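Please keep the sequence and the 3D view open while reading.

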Amino acid sequence: MTAHTVEYIRYRIPEERSAEFLAAYTRAATQLAAAPQCVDYELTHCEEDSEHYILRITWTSTADHLDGFRKSELFPGFLAEIRPYVSDIEEMRHYAPTPVRGSGAAVPSLYDWAGGADAFARLTSVFYDKVVEDDLLAPLFAHLDPAHAEHVALWLAEVFGGPARYSETQGGHSHMVAKHFGKAITEPQRRRWVNLIQDAADESALPTDAEFRSAFLAYVEWGTRLAVYFSGPDAAPPAEQPVPKWTWGAAPPYQG
């Protein structure tokens with residue numbers, strides 16, 4: 001869980017002032033967007049009561065909001081735009097996140113979109129058949145554990161939103177990272193790994209839509225770059241961490 005704080009500001013704006021209110025916040029949002037203390041923001045309009053609006057702003061911390069943004073050169077411009085509506089505020093408070101959080105099923109996980117456990121088993125089977133025949137990568141896997149492809153399939157499945165079978169049978173992120181210590185992986189080897197797993201994704205019939213492949217490649221790039229770092233001479237073992245959970249990121253699946 002992050003240390004971010006969420007500020008909620010509830011307004012009651014008469015119907016005849018709603019257009020100017022929205023225009024003012026459109027201008028004020030320029031200051032929020034430029035503020036390094038602001039993570040994100042959203043102004044919503046009540047469907048049941050058209051006079052109610054709620055502004056949600058996620059700040060890096062409450063102190064960063066009160067002692068950072070409010071004392072910055074951006075705040076006067078922000079306040080100038082919203083000052084006419086200060087008297088319309090019914091609530092303005094900061095809220096800290098709790099452990100109760102999660103995602104619903106409206107957007108499928110990458111794991112489900114890919115086809116579940118069978119899809120990742122096919123992927124790693126095809127991929128490691130390529131690896132052991134590859135001139136750059138074969139030396140890294142000269143003593144490949146027969147169960148290695150299966151373990152990587154469990155890892156990828158969990159990363160992309162599937163069951164926590166890797167965590168239950170192998171360990172967390174630190175366990176996977178430790179597999180790379182001392183291997184001195186080079187950038188050409190990393191790039192070959194990226195290329196081969198994309199070829200394997202094609203051959204194992206993983207989804208080819210732009211949104212899935214964008215998210216898939218984003219993880220592959222992130223993961224292989226970490227592998228290069230942790231295989232190097234100066235890498236320090238990370239603290240115990242859970243398996244990362246990858247999501248769609250900027251482009252959710254197209255479900256037209």
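The count of aromatic pairs, taken over rings whose centres lie within 6.5 Å, comes to 27. One of these is the pair of F127 and Y128, which is edge-to-face, with 4.8 Å from centre to centre and 75° between the planes. The model is a predicted one, and every value below is computed from it.

**Aromatic rings**

- The angle of 75° between the rings of F127 and Y128 is over the 60 degrees required, and therefore the pair counts as edge-to-face.
- Both members of this pair are buried, since F127 has a relative accessible area of 1% and Y128 has a relative accessibility of 6%, each under the 20% cut-off.
- Y219 and W222 form a pair that is tilted, because their planes stand at 45°, with the ring centres 5.9 Å apart.
- Y219 and W222 belong to helix α10, which covers residues 210-230, and they are 3 residues apart there, about one turn of the helix.
- The relative accessible area of Y219 is 7%, which makes this residue buried, whereas W222, at 33%, is partly exposed.
- A cluster linked by ring pairs takes in Y219 and W222 together with Y111, W113, F120, F160, F212, F216, W246 and W248.

**The sheet and the helix packed on it**

- An open sheet is formed by 4 strands in the order β2-β3-β1-β4, with antiparallel pairing.
- Strands β2 (38-45) and β4 stand at the edges with a single partner strand each, so one side of each has no neighbour in the sheet.
- From one strand to the next, the twist averages 10°.
- Helix α1, made up of residues 18-34, packs on this sheet and touches β1, β2 and β3, and its direction makes about 170° with that of β2.
- In general, the strands of a sheet pair through backbone hydrogen bonds, in either a parallel or an antiparallel arrangement.

**Helix against helix**

- Helices α1 and α3, the latter being residues 75-82, have axes 8 Å apart and pack at an angle of about 165°.
- That angle is over the 145 degrees that count, and α1 and α3 are therefore roughly antiparallel to each other.
- The crossing in which α1 passes α3 is left-handed.
- On the α1 side, A24, Y25, R27, A28, Q31 and L32 meet G77, F78, E81 and I82 of α3.
- Helix α5 (residues 117-131) and helix α9 (residues 187-203) cross at roughly 135°, and their axes come within 8 Å.
- This angle makes α5 oblique to α9, and α5 passes α9 in a right-handed crossing.
- The contact between these two helices involves L123, V126, F127, Y128, K130 and V131 of α5, which face W193, L196, I197, D199, A200, A201 and E203 of α9; F127 and Y128, the edge-to-face pair described above, are thus among the α5 residues in this contact.

- When neighbours within four places in sequence are left aside, E91 is in contact with Y8, I9 and R10.
- The C-alpha atoms of E91 and I54 are 9.2 Å apart in space, although the two residues are 37 residues apart in sequence.
- H65 lies in helix α2, which spans residues 62-68, and is buried, with a relative accessible area of 3%.

How values were computed: Residues numbered from 1 in each chain as written. Predicted model: local features only at pLDDT ≥ 70, side-chain atom pairs only at ≥ 80, totals over all residues. Heavy atoms only, no water. Phe/Tyr/Trp six-rings, centres within 6.5 Å; stacked < 30°, edge-to-face > 60°. Buried < 20%, exposed > 50% of the residue type's maximum accessible area, 1.4 Å probe, protein only. Pairing = 2+ DSSP bridges. Axes fitted to C-alpha atoms, helices over the stretch in contact; angles between N-to-C directions. Contact = heavy atoms within 4.5 Å. Parallel < 35°, antiparallel > 145°, perpendicular 65-115°, else oblique. Left-handed = near helix turned anticlockwise from the far one by under 90°.
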